[in-house]
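Student: I would like to learn how to read helix packing in a model. Please take me through it.

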Amino acid sequence: MRRQLVVDANTHFGYPSALLLDESAFGKKGNLSAGAARQWNGRLGKVDNCQVGVFSAVTRDGVASVVDADWYLPETWAKEATRCEAVGVPEEAQTFRTQGEIALDMVMRLRREGLHFSFVAFDGGYGHLPWLLGELDGERVIFFAEVHSDQAIYLQDPAPTVVARRSSKGRAPRRLQTTAMPMTVAAWAATQSASAWGRLSICDGEKGEVMADYLTQRVWVWVWDGEAPSASRWHLLVRRELDGTKRKFGLFNAKPGASLRRLAEIQGARHFVEQSFREAKSACGMAEYQVRRWQAWHHHMALVMIATMFLAKERLAHRETAELLSCRDLVEIMRHRLPTKIVTDQDLAESIIDRHQRRRQAMESSYRKQVAMLSASD
């Protein structure tokens, strides 16, 4: 299914599309569902009991579609093989991986399977991982990574070296060090003059032109753990709202000659991963599932991805004649045109009775399992 989505994405989105990475959380009440645990729920902005998945989406011309999903297994679950087996987690999936590791594996897998994308974009949750940026850069994957305001940069090459040995005693120095002093991206932006900023309109929005002030500079970034043999020179992009109240920072490993407008447009593309989640949840039922097992979660997400790709295909195909066509519009069209099982009052009553019977069967099954569990414990 994923390979077919890659073919569809290449066909309908073409090149140059962008690949966006992000995670999404799904609130759960208990702890029996696969991967459910108290962890960060970005939608709520707090730690809560939930499941988390890492997703990738392709986007072009304001249209996005989810093309891959991978389930995040919390470390507490990875340490309990019996618990994993109870919800059908395959043995090869019972290894703990951070969300950054999952994201990197996803990018490499999609590239191997032939997905065409011009760059990868992600937020500060992944941008603050130096090893991830280094791995992508080493694989020649162009990325735009939002970073936190305390991201350290150098305005000159820090030229890390191993200091000379001062004594014959003890181990010889091996760790790279530099005498150059770093500064944070926020501190650097604060020192720039008003004339250094450039005001750009990167696209037309429903509430007017999307405008902001931008600032860019080529900077050196050295991996925080001091293990990288040299510093990397990337673009730093700063975006400031017109009222000056909010700033965003990003690192971009594009060619040195990349223009400010190009960097600003790429930074703006990252917004569409949030849009793809909203559309997948509102139009395709991404969060509307009641399953506990590992395979059932993946099956549900597979259906969601197929649905989002169909909606994206239709929107792109009708761009010239229906520019504002939305996922909601398409869902309403299908509800109106597709046959329905409920036509008469009798059909409605039978549908409700059938639903109640299935709910009753599920309740009785749960009670039987509970009685068996209590009997076994006695």
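Student: Does α1 pass α10 in a left-handed or a right-handed crossing?
Tutor: A crossing is left-handed if the near helix is turned anticlockwise from the far one by less than a right angle, and right-handed if clockwise. Here α1 passes α10 in a left-handed crossing. This is a predicted model, where local features need pLDDT of at least 70, side-chain atom pairs count only at pLDDT 80 or more, and totals for chains, interfaces and linings use all residues. Residues are numbered from 1 along each chain as its sequence is written, and side-chain values use heavy atoms, with hydrogens and water left out.

Student: At what angle do α1 and α10 pack?
Tutor: Helices (H or I, at least four residues) are DSSP runs, numbered from the N terminus. Axes are lines fitted to C-alpha atoms over the stretch in contact, and angles run from 0 to 180 degrees between N-to-C directions. For α1 (residues 2-12) and α10 (residues 294-317) the angle is about 15°, with the axes 10 Å apart. Angles under 35 degrees count as roughly parallel, and α1 and α10 are therefore roughly parallel to each other.

Student: Which residues of α1 and α10 meet?
Tutor: Contact means heavy atoms within 4.5 Å. L5, D8, A9 and H12 in α1 meet M305, I306, M309, K313 and L316 in α10.

Student: How do α4 and α6 cross?
Tutor: The axes of α4 (residues 99-112) and α6 (residues 130-138) come within 10 Å and cross at roughly 10°. These two helices, α4 and α6, are therefore roughly parallel to each other. The crossing of α4 past α6 is right-handed.

Note on methods
Parallel < 35°, antiparallel > 145°, perpendicular 65-115°, else oblique.
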